[in-house]
Amino acid sequence: MENKSTSIDIRQCAKTYPDGTRGLQPTDLHVEPGEVLALLGPSGCGKTTLLRIIAGLESADAGSYIGFGSQDVTHMPIEQREVGMVFQHYALFPQMSVQANIGYGLRIRGASAEEQRRTVGELVDLVRLNGLEHKRPAELSGGQRQRVALARAVASKPRVLLLDEPLTALDAKLKETLRDELAQLLRQLRITAVHVTHDQQEAMAIADRMAVMKAGQILQIGDGESLYRNPSHPFVATFLGRVNQLERSADLLAHNQIMLGDVVLPCPDSCAGAAQVLLRPEDIEVCAAGTAGAVSCAVSRRVFLGDRVQLTLNVGGPNPLIADVGRDHAANAGDVVGIRIAPHHWMASRV
Amino acid sequence: MWAVTLTVTAFMLAPMLLSILAGVVVNYSQGISSGFTTRWLLEVWTGYGNTVLMSLFIACACVVLALVLGVPCAYALARSRSAWARHFEELLTLPVAIPGLASALALLLAYGSVTYFRQSFAFILVGHVIFTLPFMVRMVGSAFRRQELVALEEAARSLGASFCQRFVGILVPAVLPAIVAACLMVFTLSVGEFNLTWMLHTPLTRTLPVGLADSYASMRLEIGSAYTIIFLIVILPVMWALQAIGHVIEKHYGK
């Protein structure tokens with residue numbers, strides 16, 4: 001299926017509710033044609049509000065601009081925006097068969113019976129619902145419903161596909177399988193998509209780029225890897241994975257160094273000027289005590305997590321360090337070990 | 001336990017059975033020994049047959065009007081965020097609490113002088129609609145308020161459906177079980193309505209319950225009882241049929 005993918009331009013989009021609360025701070029966002037962008041953040045961060053504004057289900061404050069390609073759709077109702085939407089609980093029409101659900105948009109837009117039949121058939125094949133065409137949504141499993149919802153949303157070849165927590169209603173195991181399936185389908189369809197989720201793994205698996213949101217604001221946009229490796233904000237760092245946060249005194253800051261225990265270590269140039277530096281647990285190398293260049297510290301806690309072991313290390317500062325090591329690592333609670341950190345692993349935290 | 005159930009059931013059924021029996025015996029004071037007859041039934045049918053048809057006709061018309069007025073009203077109230085909508089809904093429910101006689105009196109005061117209207121069945125029909133509309137609005141309105149319906153509507157909008165398309169194609173089918181239940185309720189209330197109708201009727205516009213009262217008051221006991229039989233013969237099959245339709249629809253559209 002060919003899609004008329006378009007870019008999405010959002011300029012100075014804000015949302016203030018009638019009671020005066022700001023659901024969304026003035027926001028700028030650009031999504032390339034065919035790109036999958038995830039809006040990632042905790043509940044109440046404004047990600048769903050932004051999605052609903054793009055959809056046209058929510059009106060943005062005066063002065064906002066929303067464009068699909070070169071067309072200004074700011075004041076266009078959702079019925080005319082040519083968007084496809086997948087809802088959190090799918091919102092399938094209960095009295096209609098799978099086939100009728102998928103074909104609804106085409107029927108409404110007056111497509112010929114032949115075109116309806118062909119498109120529905122293609123989509124049923126694409127999302128592997130063969131044999132279920134005449135079932136009603138109540139007779140389907142959660143995963144099947146999710147696929148019907150997706151097929152229905154893309155049937156009338158929307159300019160933009162919007163996904164509102166599309167996998168939340170599924171159990172954890174199924175979620176993982178469907179996540180990869182969804183990612184693959186979106187690539188096949190080459191459709192511009194905005195995907196709302198609070199699950200960073202889901203966002204990384206599905207989206208080309210993600211926008212991390214907090215309190216109605218986009219904090220940082222980028223692909224999963226660069227956000228994980230170079231978070232510009234401590235919230236981004238903590239939301240995408242666990243992270244150790246370390247404060248630096250004025251003296252250390254001036255020399256761009258960090259102190260662990262009684263050892264002073266250099267930081268990379270990228271950290272210059274940042275009062276706080278961040279370190280991922282998996283970037284701490286735990287070796288035998290006394291290894292050359294290692295800072296020695298005591299293991300105060302060891303937690304076995306299946307694929308890895310999490311160690312809580314006491315380095316003498318106010319906060320302990322969390323380190324992730326392989327599951328066969330020998331360190332036990334009470335042991336004294338050495339830690340080494342490659343300088344480039346330190347990340348700056350600029351608020 | 002069984003004894004209590006049987007006693008209560010017998011106590012409840014006895015008046016109805018006696019009443020039915022009274023309608024088919026020759027002379028009630030002499031009991032069954034006087035023999036059985038269909039004379040009373042025929043007499044009722046010739047004298048009051050038209051009230052039976054009128055009641056059915058008014059009940060059907062009342063259901064249609066309650067649907068046409070009530071379903072859109074229920075939708076509007078369910079989607080409105082204004083406080084006035086709540087007040088309006090309470091106001092709409094008033095005719096259920098106010099004695100029918102009072103509502104009827106109000107109607108007479110307001111429109112009683114419009115002779116043509118006053119003397120037609122439409123006058124009674126209006127009274128029935130005022131009385132039954134709140135049931136329709138309440139029952140269908142609470143179905144429209146369900147959260148998943150809001151999402152269904154948004155889904156239909158995202159697929160390009162206009163208001164009419166989604167109202168007829170999505171919303172009404174989704175609340176159809178509630179609509180059917182409300183229709184049954186409106187029909188039943190309209191057929192049995194006496195209070196209001198008694199005030200509003202004219203000698204030429206009588207419904208079944210009004211005719212029943214008339215026959216109880218002015219005729220032999222046997223005729224009144226035969227009237228009850230006719231009522232049951234006509235109304236019960238209609239109600240059973242409506243209920244069966246309701247079940248089928250619920251099975252098809254319900255979850």
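A residue is called buried if 20 or more other C-beta atoms lie within 10 Å of its own, exposed if 12 or fewer do, and partly exposed in between. By that rule, 41% of the 351 residues of chain A count as buried. The model is a predicted one.

**Chain A as a whole**

- The secondary structure of chain A comprises 10 helices and 20 strands.
- Among the contacts in chain A with a separation of 6 or more, 66% are between residues 24 or more positions apart.

**The domains of chain A**

- The domain assignment divides chain A into domain 1 (8-239) and domain 2 (245-349).
- The centres of domain 1 and domain 2 of chain A, taken over C-alpha atoms, are 40 Å apart.
- Four residues from domain 1 of chain A and five residues from domain 2 of chain A take part in the contact between them.
- On the domain 1 side of chain A, the residues that touch domain 2 are three nonpolar and one polar, with no charged residues.

**Chain B as a whole**

- The C-alpha atoms of chain B occupy a box of roughly 75 × 55 × 30 Å along the principal axes.
- Of the 255 residues in chain B, 35% are buried.
- For contacts in chain B between residues at least 6 apart in sequence, 76% join residues at least 24 apart.

- Strand β7 of chain A covers residues 160-164, and five of its five residues are buried.
- In a regular strand, side chains alternate between the two faces of the sheet.
- Both faces of β7(A) are covered, with Val160(A), Leu162(A) and Asp164(A) buried on one side and Leu161(A) and Leu163(A) buried on the other.
- β7(A) pairs in the parallel sense with strand β6 (residues 83-86) of chain A over four bridges, and Leu161(A) in β7(A) stands opposite Gly84(A).
- β7(A) also pairs in the parallel sense with strand β8 (residues 192-197) of chain A, over five bridges.
- In this second pairing, Asp164(A) stands opposite Val196(A) in β8(A).
- A right-handed β-α-β unit is made by β7(A), helix α6 (residues 172-189) of chain A and β8(A).

**The contact between the chains**

- The contact takes 19 residues from chain A and 17 residues from chain B.
- On the chain A side, the elements that give two or more residues are α2 (78-81), β6 and α3 (98-108) of chain A.
- The chain A residues that touch chain B divide into 12 nonpolar, five polar and two charged.

**The largest nonpolar core**

- In soluble globular proteins, nonpolar side chains tend to be buried together.
- The largest nonpolar core has 156 residues, and Leu162(A) and Val140(B) touch the most other members.
- Helix α2 (residues 39-79) of chain B contributes the most to this core, giving 15 residues.
- Domain 1 (8-239) and domain 2 (245-349) of chain A each supply at least three residues to this core.
- Beyond its neighbours within four places in sequence, Val140(B) is in contact with Gly70(B), Val71(B), Ala74(B), Val175(B), Ala178(B), Ile179(B) and Ala182(B).

**Two residues with positive phi**

- Tyr90(A) is a residue other than glycine with a positive phi, near 70°.
- Tyr90(A) lies in the loop between β6 and α3 of chain A, and Tyr90(A) counts as buried because it has 24 C-beta neighbours inside 10 Å.
- Asn256(A), which is not a glycine either, has a positive phi of about 55°.
- Asn256(A) is placed in the loop between α10 (250-255) and β12 (257-260) of chain A.
- Because 19 other C-beta atoms lie within 10 Å, Asn256(A) is partly exposed.

Key:
Residues are numbered from 1 along each chain as its sequence is written. Chains are lettered from A and ligands numbered from 1 in the order in which they are written. This is a predicted model: local features need pLDDT of at least 70, side-chain atom pairs count only at pLDDT 80 or more; totals for chains, interfaces and linings use all residues. Domain bounds come from an automatic or database domain assignment. Two residues are in contact if their C-beta atoms, placed from the backbone, lie within 7 Å. Ala, Val, Leu, Ile, Met, Phe, Trp, Tyr, Cys and Pro count as nonpolar, Asp, Glu, Lys and Arg as charged, and the others, Gly among them, as polar. Two strands pair if DSSP finds at least two bridges between them. A crossover is right-handed if, with the strands pointing away from the viewer, the path from the first strand over the helix to the second runs clockwise. A nonpolar core is a set of buried Ala, Val, Leu, Ile, Met, Phe, Trp, Tyr and Cys residues joined through C-beta atoms within 7 Å.
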